Amino acid sequence: MRGFNAGGAAERINAVVICTTAPHSDHSGSVSLNPGDSGLANGPCNDGQVASGGGFSSTSDLVRLSSSVNQASTWSAGATNQAATPQTLTALGICPTVPHHTAFRRGPVAAGATGELTVLCPAGEVVTGGGGSGPNSTFMRDSAPSGNGWRIRSTNTSDGSKTLTVVAVCTAL
């Protein structure tokens, strides 16, 4: 986990790992972003697999993430390149062979505010991953397990209300 603090106050960064003994495979995909461009990188799973978790990387601290989330059989990462040179965004999908499904929730975040959303897995299931997304004018501040679900926090930098989506990836015990 690596981050860039553009503010004047100290901030904390945390890495979270969810471990399992289930067999899995890693899949990645990259996209090149020109200065000012937004784009989506995808780490697609094999047929019949669901992305239970994943992440992203970029070649610059000025590639600002707006989403890192399960899209059924793919882990997707969306970002905007605020650097003066082309940069690369890479998404990594973690794809287990045991059945998983997703739970999601949508909610608003006001202009200039930071919003938080949480979604829980159904009773009898456990969270194995998760993520969230919002439009390009929102920037992810936090994406982590919360109880038996997933929580995101995202800041809206636009002058209008935006909609965020949080996703929990769940599997039966």
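Student: Is C95 buried or exposed?

Tutor: Happy to start there, keeping in mind that this is a predicted model. The cut-off for buried is under 20% relative accessible area. C95 has a relative accessibility of 0%, so C95 counts as buried.

Student: Which residue does C95 form a disulfide with?

Tutor: Look at the sulfur of C95 and you will find a partner sulfur at an S to S distance of 2.0 Å. C95 sits in strand β6 (residues 87-96), while the partner lies in the loop between β2 (38-44) and β3 (53-58), 50 residues apart.

Student: What is the handedness of the disulfide between C45 and C95?

Tutor: The torsion about the S-S bond tells you. For C45 and C95 it is about -80°, so this disulfide is left-handed.

Student: How many disulfides does the structure hold, and what pattern do they follow?

Tutor: Counting bonded cysteines along the chain, the pattern is 1-2, 3-4. The number of disulfides is two.

Student: Which parts of the chain does the disulfide of C121 and C170 tie together?

Tutor: With a torsion of about -90°, the bond between C121 and C170 is left-handed. Both ends are buried: C121 has 9% relative accessibility, and C170 has 0%. The pair ties together parts that are 49 residues apart in sequence, namely the loop between β8 (114-120) and β9 (125-133), and strand β12 (residues 162-172).

Student: Since β8 came up, which strands stand at the edges of its sheet?

Tutor: Nice link! This open sheet has three strands in the order β8-β11-β10, paired antiparallel. Two of them have a single partner strand each, so one side of each is left without a neighbour in the sheet. On average, neighbouring strands here are turned by 15° against each other, direction ignored. The edge strands are β8 and β10 (138-146).

Student: Which residue is the bridge partner of T118 in β11?

Tutor: As background, strands of a sheet pair through backbone hydrogen bonds, either parallel or antiparallel. Here β8 and strand β11 (residues 149-156) run antiparallel and are joined by seven bridges. In β11, the bridge partner of T118 is R151.

Terms used. Residues numbered from 1 in each chain as written. Predicted model: local features only at pLDDT ≥ 70, side-chain atom pairs only at ≥ 80, totals over all residues. Heavy atoms only, no water. Disulfide = S-S within 2.5 Å. Helix = DSSP H or I, 4+ residues; strand = E, 2+ residues; numbered from the N terminus. Buried < 20%, exposed > 50% of the residue type's maximum accessible area, 1.4 Å probe, protein only. Pairing = 2+ DSSP bridges. Axes fitted to C-alpha atoms, helices over the stretch in contact; angles between N-to-C directions.
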